[in-house]
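Please walk me through this structure. I am new to it and would like a short tour.

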Protein chains: 2
Amino acid sequence: MKAEDYKRLVRLYVPEAAFIQGKNLSLSEGQAHYLRNVMRKSAGDALRVFNGQDGDWLATVAEINKKKALVKLDHQLLEQKQSPYVWVLASPVKKEAFDLMIEKSCELGAAKFIPVTCEHTVVHKINQERLQAIAIEAAEQSERLDVMTVEPLSDLKKCLNSFDYKRNIIFCIERAAAVSLAGAAKKLAQKPLAILIGPEGGFSSQEVDFISNFKNVTPVSLGPRILKTETALIAALAGVQLLGE
Amino acid sequence: MKAEDYKRLVRLYVPEAAFIQGKNLSLSEGQAHYLRNVMRKSAGDALRVFNGQDGDWLATVAEINKKKALVKLDHQLLEQKQSPYVWVLASPVKKEAFDLMIEKSCELGAAKFIPVTCEHTVVHKINQERLQAIAIEAAEQSERLDVMTVEPLSDLKKCLNSFDYKRNIIFCIERAAAVSLAGAAKKLAQKPLAILIGPEGGFSSQEVDFISNFKNVTPVSLGPRILKTETALIAALAGVQLLGE
């Protein structure tokens, strides 16, 4: 099989430690359903699996029925790469937009996503499990070798007060005199990094003062246009990686 | 009224030439419905309007009923700014993703969106009118002073053969040895620009050769990750503007 053909195989995240040649992995019920009923796979078919630490592996369906599937590890296709270094701190917004933010953050290589409640946050509940599932699906489809973790919802101030001060925070603010993302390129090269994005209504002026007081925070403007929260996050993530890599 | 309060007003695109103080503008049936039944506005209420050439204006609802609304131009709030300079050439993809591409392109300041059919394009029909409506809504909400135009669907090769050779094309390719977007920054500073994005299956190798032969084309890689078409476009648009402005 050629490298290009491997790319076409179904790819699943199987969070089981230590992939070893010949080992059988048990898939979840959802994965068994997907493999059998959606992708129409049966015993003997090839797929790719990853566990977030042992790279990408070729595997073969060993056994599959309605509720259960076993796949056998064949050989490693790709070695595990260095982990991504960007975290996202973002206020929850309405469902479709927040789902998109989770999916795109994972696709664009974020390591961790921390939902934070700000003063102007309207959505005060998240379904962490559902969001984590979106991140897993995005990892499977984007050929990432690990999965972005989605953290529980936390309060912005509490989160920042206990935050690792060695991680620089790119603080995205609208309609304010701040350096452009390109202007902060030097700071961006100092990893590890986090991107902080507020709710649709923006940060309160009290929050802006509070956040700006942290030494590891760099306020940054994303340009002259008014961007929706999800667009701002995608633009910032793309920009940070373009400028920082 | 303070500048911040203006930002909260409903904002509508009324493509009528020459805004003059005191002039009455007739809104479309859809806008009349939106203003009256969705936003609950009545005679005397303030709103903002723009026509793409005379900046942003404050206006007052003069008359409103089920099918019709007249608004009176009060005074100019913002002068017309320089027009955006980036065009997008992109293959249609499935509905939700393509809608997102139109919306985000407008939000991120593209001037024109040309849907192009490539060899691996699966979707061969677009509803130009519906897509233009999405672009108008995005312009209204993002405080743009003009609207991105959505062109009819055209064939990639025909489009490139008749393309203005003075407009540089950033040709986004995956899994290929090309300079990074940041590495092409010098080229990006030479405006006008266009971004070319292929379908989910990518460009065929024959297409890659054909496109790369044009002197105004710069093949560019968007990084090590496999991005969905819509993510690639948003990342490229954000990157081009970050690096080129």
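This is a predicted model: local features need pLDDT of at least 70, side-chain atom pairs count only at pLDDT 80 or more; totals for chains, interfaces and linings use all residues.

Begin with chain A. Its C-alpha trace spans about 60 × 35 × 30 Å along the principal axes. The chain holds eight helices and 13 strands. It has 245 residues, and 39% of them count as buried. Here a residue is buried if 20 or more other C-beta atoms lie within 10 Å of its own.

Next, look at how chain A is tied together along its sequence. Take the contacts between residues at least 6 apart in sequence. Of these, 74% join residues at least 24 apart.

Chain A is divided into two parts: domain 1 covers 3–78, and domain 2 covers 86–244. Their C-alpha centres lie 32 Å apart. The two domains of chain A do touch. Eight residues of domain 1 are in contact with six residues of domain 2. Which element gives the most to the domain 1 side of chain A? It is strand S1 of chain A, residues 11–13, with three residues. By class, that side of domain 1 has four nonpolar, two polar and two charged residues.

Then bring in the second chain. Chain B can be laid on chain A with an RMSD of 0.0 Å. The move is a turn of 180° with a shift of 0.0 Å along the axis. The two copies are therefore related as by a two-fold rotation axis. The same surface serves both copies, as 100% of the contact residues of chain B recur in chain A.

Finally, look at the contact between the chains. How many residues does each chain bring? Chain A gives 22 residues, and chain B gives 22 residues. On the chain B side, two elements give two or more residues each: helix H3 (95–107) and helix H8 (229–244) of chain B. H8(B) supplies the largest share of that side, eight residues. What classes of residue make up the side of chain B that touches chain A? There are ten nonpolar residues, six polar ones and six charged ones.

End at H8(B), with its eight residues on the side that touches chain A.

Conventions: Residues are numbered from 1 along each chain as its sequence is written. Chains are lettered from A and ligands numbered from 1 in the order in which they are written. Two residues are in contact if their C-beta atoms, placed from the backbone, lie within 7 Å. Helices (H or I, at least four residues) and strands (E, at least two) are DSSP runs, numbered from the N terminus. Ala, Val, Leu, Ile, Met, Phe, Trp, Tyr, Cys and Pro count as nonpolar, Asp, Glu, Lys and Arg as charged, and the others, Gly among them, as polar. Copies are superposed by least squares on the C-alpha atoms of residues with pLDDT of at least 70 in both. Domain bounds come from an automatic or database domain assignment. A residue is buried if 20 or more other C-beta atoms lie within 10 Å of its own, exposed if 12 or fewer, and partly exposed in between; C-beta atoms are placed from the backbone.
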